[in-house]
Amino acid sequence: MRTSNSIKKLLFFSCICLFSWQATAQSKFIKDLKKTAEESAKRTVERKVDEKTTQMTDEAFETVMEAPNIFKSKKGQKKQAEDMQEDRQNSGSSKKQNQSSQGPEASATGNPDPSASIAGQFIPNGQVMYTDYFERDALGDFPAKWETNSGGEIITVDDFKALRTSGTGYFVPMLPKELPENYAVEFDLFTFNLEYKGTTALRFGIHLVEEPLISKAKKGAEIEMPLWYKGASDYFLVETYGMPSKISNKIPYDYTEKLNDIIHFTLVKNGKRVRLFLDETKVVDIPSLAGDQLGKYIQFYVREVDLQKNLVVAIANLKITEEGEDLRSKLLRAEGFSTTAILFQTASDQLQPSSFEFLDQLGNVLKEDEFLRIQIIGHTDSDGDENNNQILSEKRAVSVANYLQEKFGITPSRLQTLGKGESEPLNSNSTSAEKAANRRVEFKKF
């Protein structure tokens with residue numbers, strides 16, 4: 001009986017323990033379930049927060065991309081639209097592509113690039129001396145290789161960097177050495193948000209000076225343009241200062257529609273002569289603007305660039321090349337010049353086709369400057385009869401004049417011809433190379 005009671009107590013105690021364990025396990029399970037639910041809810045919240053943060057980040061990124069220091073030019077937008085159109089066309093069927101390649105456009109591929117035939121165009125092809133594309137300069141900083149007495153910062157325009165100017169002052173690239181006698185300076189000017197009423201005093205200019213100063217030099221030459229959109233943006237001001245011979249003039253040219261966009265500038269200095277091209281068009285050509293050693297250094301000048309008005313006047317893609325002396329400058333020399341680039345058939349006055357390139361350059365120069373008159377003088381080597389050489393040199397000079405008259409319409413009154421045969425050799429005519437040097441054509445203005 002005692003044993004039976006003990007067993008009952010043991011069983012009762014076991015049941016109590018089992019129930020207690022089950023309750024504890026159930027409680028733990030509920031707690032674990034609750035914890036899992038809480039963690040799941042927490043992850044859901046975190047995921048939603050992440051999604052919201054990502055959305056906000058994307059919106060913030062878009063806002064940054066539209067910030068004032070990142071700009072799209074009209075040309076850039078047009079190119080982007082053209083690229084998108086090209087991508088859409090390229091996504092078509094190969095049949096359509098084959099058909100399009102057989103269309104009228106394909107038949108015109110043999111035509112020359114129209115830009116190559118624009119009158120007055122200059123394409124620099126000399127040795128590169130200096131470039132600055134601001135690749136290593138940080139956005140918002142002033143570029144490392146420039147100096148200024150005003151202010152500025154690096155911005156982005158389309159897919160390149162540019163120096164955004166501010167205030168009134170000079171911006172000077174720190175060139176490693178002075179510039180040579182003949183060179184070309186290329187750069188892009190980006191303007192944005194110019195208005196008729198708000199930019200009356202705004203100007204941009206290029207100054208040619210003797211020293212790399214960040215202030216106005218004692219003497220210099222300048223080409224300046226008002227940046228007054230739909231106002232007085234129709235002339236270039238050309239001036240010299242501190243010089244014995246004063247130049248001050250307005251050169252008419254309406255560049256209004258080029259503003260609020262990118263303009264490509266090419267300034268060409270050949271001795272004293274200075275030319276300025278906007279895109280493919282020559283707008284300034286002054287024979288003696290850079291006299292008295294001017295042009296060893298360049299300064300860029302801006303006036304009244306008010307950043308509070310969100311005006312942008314930015315310089316980009318600067319390149320300087322050393323160029324040869326231009327043909328017009330050679331023709332303007334008092335002593336003239338001679339060339340062996342004009343070749344004739346042996347013992348004949350018939351021009352060889354290899355001569356046409358030089359003669360075409362000469363014809364274009366004469367066509368551009370209607371007041372330029374030249375004397376064409378033929379020379380021969382000492383081979384053959386002296387009298388025959390005299391006659392041959394005269395005929396060759398006439399042959400050159402005829403080419404210029406027939407192809408370029410140069411009036412006969414602007415051309416004189418003369419032959420000197422073998423009477424004025426440059427050397428002793430003892431070698432084939434010396435004889436080739438004496439077979440030349442000489443040009444002098446009159």
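**Notebook: strands, turns and a helix pair**

I began with strand E11 (residues 262-270) and E12, which pair in the antiparallel sense over 6 bridges. A reminder to myself: this is a predicted model.

Next I followed E12 (273-278) into strand E13 (281-286). I found 5 bridges joining E12 to E13, and the two run antiparallel. Here leucine 278 stands opposite threonine 281 in E13. E12 and E13 also form a hairpin with 2 residues between them.

How many residues of E12 are buried? I get 6 of the 6, so E12 is largely enclosed by the rest of the structure. I then sorted the side chains by direction. Arg273, Arg275 and Phe277 point one way from E12, while Val274, Leu276 and Leu278 point the other way, and all are buried.

Most residues other than glycine have a negative phi, so I kept a note of the exceptions I came across. Aspartate 279 is one, with phi near 55°. Aspartate 279 sits in the loop between E12 and E13, in the turn of their hairpin. Is aspartate 279 buried or exposed? Its relative accessibility is 19%, and because buried means under 20%, aspartate 279 counts as buried.

Glutamate 304 is another, with a positive phi of about 60° although it is not a glycine. I located glutamate 304 in strand E14 (residues 297-305). With a relative accessible area of 45%, glutamate 304 is partly exposed.

**Entry: the open sheet**

I moved on to a sheet of 4 strands. It is open, with the order E16-E19-E17-E18 and mixed pairing. Which strands stand at the edges? They are strand E16 (337-339) and strand E18 (415-419); each has a single partner strand, so one side of each is left without a neighbour in the sheet. From one strand to the next I get an average twist of 25°.

Inside this sheet I checked strand E17 (residues 374-378), which is joined to E18 by 5 bridges and runs parallel to it.

**Entry: H6 against H7**

H7 took me to its helix partner. Helix H6 (residues 356-368) and helix H7 (residues 386-408) pack at an angle of about 60°, with their axes 10 Å apart. That angle makes H6 oblique to H7. I also looked up the handedness, and the crossing of H6 and H7 is right-handed.

Who makes the contact? On the H6 side I listed Phe356, Leu359, Asp360, Leu362, Gly363, Asn364, Leu366 and Lys367. On the H7 side I listed Val400, Tyr403, Leu404, Lys407 and Phe408. Sorted by class, the contact of H6 with H7 has 8 nonpolar, 2 polar and 3 charged residues.

Methods:
Residues are numbered from 1 along each chain as its sequence is written. This is a predicted model: local features need pLDDT of at least 70, side-chain atom pairs count only at pLDDT 80 or more; totals for chains, interfaces and linings use all residues. Side-chain values use heavy atoms; hydrogens and water are left out. Buried means under 20% relative accessible area, exposed over 50%, partly exposed in between (1.4 Å probe, protein chains only). Axes are lines fitted to C-alpha atoms, for helices over the stretch in contact, and angles run from 0 to 180 degrees between N-to-C directions. Angles under 35 degrees count as roughly parallel, over 145 as roughly antiparallel, 65 to 115 as roughly perpendicular and the rest as oblique. A crossing is left-handed if the near helix is turned anticlockwise from the far one by less than a right angle, and right-handed if clockwise. Contact means heavy atoms within 4.5 Å. Ala, Val, Leu, Ile, Met, Phe, Trp, Tyr, Cys and Pro count as nonpolar, Asp, Glu, Lys and Arg as charged, and the others, Gly among them, as polar. Two strands pair if DSSP finds at least two bridges between them.
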